[in-house]
Amino acid sequence: MTVVERREIALVDLLDRLLAGGVVITGDLTLRIADVDLVRIDLNALISSVNENVPAPWEEML
């Protein structure tokens, strides 16, 4: 095992790193029976923390 393979990262640290930089999740799901598409779902999501550089998309409530 190399040093990188042995390195353990806590789940909280991993989530902190992902949210600090942002994560893009994309995917497609198609439910099909006998080559007939019944349901198609497209997912495009950006997950990021809110800070000065990335403001919240909603107005602040007082």
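Which residue in β2 is the bridge partner of V23? I looked it up, and I47 is the partner.

**Ground rules.** I am working from a predicted model, where local features need pLDDT of at least 70, side-chain atom pairs count only at pLDDT 80 or more, and totals for chains, interfaces and linings use all residues. Residues are numbered from 1 along each chain as its sequence is written, and side-chain values use heavy atoms, with hydrogens and water left out.

**Layout.** I read 2 helices and 2 strands in the protein chain. I took these as DSSP runs, numbered from the N terminus: helices are H or I with at least four residues, strands are E with at least two. From the N terminus on, the order is α-α-β-β.

**Strand pairing.** β1 and β2 pair in the antiparallel sense, and I find 11 bridges between them. Two strands pair here if DSSP finds at least two bridges between them.

**The turn.** I went to the hairpin of β1 and β2 next, which has 2 residues between the strands. A34 sits in that loop. A34 has a positive phi of about 55°, although it is not a glycine. D35 is in the loop between β1 and β2 as well. D35 also is not a glycine, yet its phi is positive, about 60°. Buried or exposed? I checked A34 and got 70% relative accessibility, so A34 counts as exposed. D35 is exposed too, at 69%. My cut-offs, with a 1.4 Å probe and protein chains only: buried is under 20% relative accessible area, exposed is over 50%, and partly exposed is in between.

**Salt bridges.** How many salt bridges does the structure hold? I count 2. The term means a side-chain nitrogen of Lys or Arg within 4 Å of a carboxyl oxygen of Asp or Glu. Side chains of opposite charge can pair when their charged atoms come close. In one salt bridge R32 meets D37, with the closest N and O atoms 2.8 Å apart. D37 is partly exposed, at 48% relative accessible area. In the other, R40 and D42 meet at 3.4 Å, N to O. R40 counts as exposed because its relative accessibility is 60%. D42, at 46%, counts as partly exposed.

**Nonpolar patch.** I then looked for nonpolar surface. L29, L31, I33, V36, L38, V39 and I41 make a patch of about 630 Å². The elements giving two or more residues to this patch are β1 (23–33) and β2 (36–47). β2 gives the most, with 4 residues. I checked I41, which is found in β2. I41 is partly exposed, at 43% relative accessible area. Patch rules: residues have over 30% relative accessible area and no salt bridge; like charges are joined within 9 Å, nonpolar side chains (Val, Leu, Ile, Met, Phe, Trp, Tyr) within 5 Å.

**Whole chain.** Last, the totals. Buried residues make up 0% of the 62 residues in the protein chain. Its accessible surface comes to about 6,300 Å², of which 59% belongs to carbon and sulfur atoms. Areas come from the Shrake-Rupley method with a 1.4 Å probe; for residues, only the protein chains shown count as cover. I also looked at contacts, meaning heavy atoms within 4.5 Å. Among contacts between residues at least 6 apart in sequence, 19% join residues at least 24 apart.
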